[in-house]
Amino acid sequence: LIVGSIKEAVKFAKKIDEEVFIIGGGNIYAQTMDVVDRLEVTLVKADLEADTYFPKIDPKVWKKIDEVCHEKDEKNQYDFCFQTYEKIKSE
């Protein structure tokens with residue numbers, strides 16, 4: 001199936017399955033932030049050089065509902081957290 005935009009692709013995918021995952025990169029995330037209702041984010045606690053970043057998570061739009069953090073260990077070089085955000089419903 002060919003669609004004309006990322007937003008059309010998400011809309012079509014939601015007809016097939018209610019749960020749709022968008023797996024980057026940065027430009028794709030930026031284009032879909034307004035059509036998703038949940039963010040599953042892995043926050044790596046390190047200052048690293050990069051050329052691509054996840055869009056800023058606006059606390060006026062997104063509420064963090066869960067966070068599980070882990071310290072670095074033999075399998076993970078850096079501390080990290082899994083964070084879940086839900087879009088705040090406007091009334």
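This report walks through a predicted model of one protein chain, from its overall layout to single residues.

## Overall layout

The protein chain holds two helices and three strands. Read along the sequence, the order is α-α-β-β-β. The radius of gyration is 15 Å, well over the 12 Å that the globule rule gives for 91 residues, so the chain is more spread out than a compact globule. The C-alpha trace spans about 45 × 35 × 25 Å along its principal axes.

Buried residues account for 15% of the 91 residues. Take the contacts between residues at least 6 apart in sequence: 55% of them join residues at least 24 apart.

## The nonpolar core

Which residues form the largest nonpolar core? Six residues do: Met 33, Val 36, Leu 39, Val 41, Trp 62 and Tyr 85. In soluble globular proteins, nonpolar side chains tend to be buried together.

Setting aside residues up to four places away in sequence, Leu 39 touches Met 33, Phe 54, Ile 57, Trp 62, Gln 83, Thr 84 and Tyr 85.

## The largest pocket

The largest pocket has a volume of about 950 Å³. Its lining counts 30 residues, and the closest to the pocket centre are Tyr 29, Leu 39, Glu 40, Val 41 and Phe 54.

Which element gives the most? Strand E1 does, with seven residues. By type, the lining residues divide into 20 nonpolar, four polar and six charged.

Ile 16 lies in helix H1. Is Ile 16 buried or exposed? Ile 16 is exposed, with a relative accessible area of 64%, which is over the 50% cut-off. Ile 16 and Leu 1 are 15 residues apart along the chain, and their C-alpha atoms are separated by 13 Å.

The loop between H1 and H2 contains Gly 25. A cis peptide bond joins Gly 24 and Gly 25, with omega at about 10 degrees. Most peptide bonds are trans.

## Helix H2

Gly 26 sits in helix H2. Gly 26 counts as buried because its relative accessibility, 13%, is under the 20% cut-off. Beyond residues up to four places away in sequence, Gly 26 touches Thr 52, Tyr 53 and Pro 55. Gly 26 and Pro 55 are 29 residues apart in sequence, yet 7.1 Å apart in space, C-alpha to C-alpha.

Thr 32 is also in helix H2. Thr 32 is buried too, with a relative accessible area of 3%. Its contacts, again leaving out residues up to four places away, are Ile 6, Val 10 and Ile 22.

## Two loop residues

Asp 34 lies in the loop between H2 and E1. Which residues does Asp 34 contact, leaving aside neighbours within four places in sequence? The partners are Lys 7 and Lys 87.

Tyr 78 belongs to the loop between strand E2 (62-70) and E3. Tyr 78 is partly exposed, because its relative accessible area of 29% falls between the 20% and 50% cut-offs. Leaving aside neighbours within four places in sequence, Tyr 78 is in contact with Val 44, Lys 45, Ala 46, Leu 48 and Lys 72. Tyr 78 and Val 44 are 34 residues apart in sequence and 6.6 Å apart in space, C-alpha to C-alpha.

Terms used:
Residues numbered from 1 in each chain as written. Predicted model: local features only at pLDDT ≥ 70, side-chain atom pairs only at ≥ 80, totals over all residues. Heavy atoms only, no water. Core = buried A, V, L, I, M, F, W, Y, C linked by side-chain atoms within 4.5 Å. Buried < 20%, exposed > 50% of the residue type's maximum accessible area, 1.4 Å probe, protein only. Contact = heavy atoms within 4.5 Å. 1 Å grid on protein atoms, 1.4 Å probe; cavity = no way out; pocket = protein on both sides within 12 Å on 5 of 7 lines; lining within 4 Å. Points joined across faces, edges and corners; volume = space filled by probe spheres on them. Helix = DSSP H or I, 4+ residues; strand = E, 2+ residues; numbered from the N terminus. Nonpolar A, V, L, I, M, F, W, Y, C, P; charged D, E, K, R; others polar. Rg over C-alpha atoms; globule rule 2.2 N^0.38 Å.
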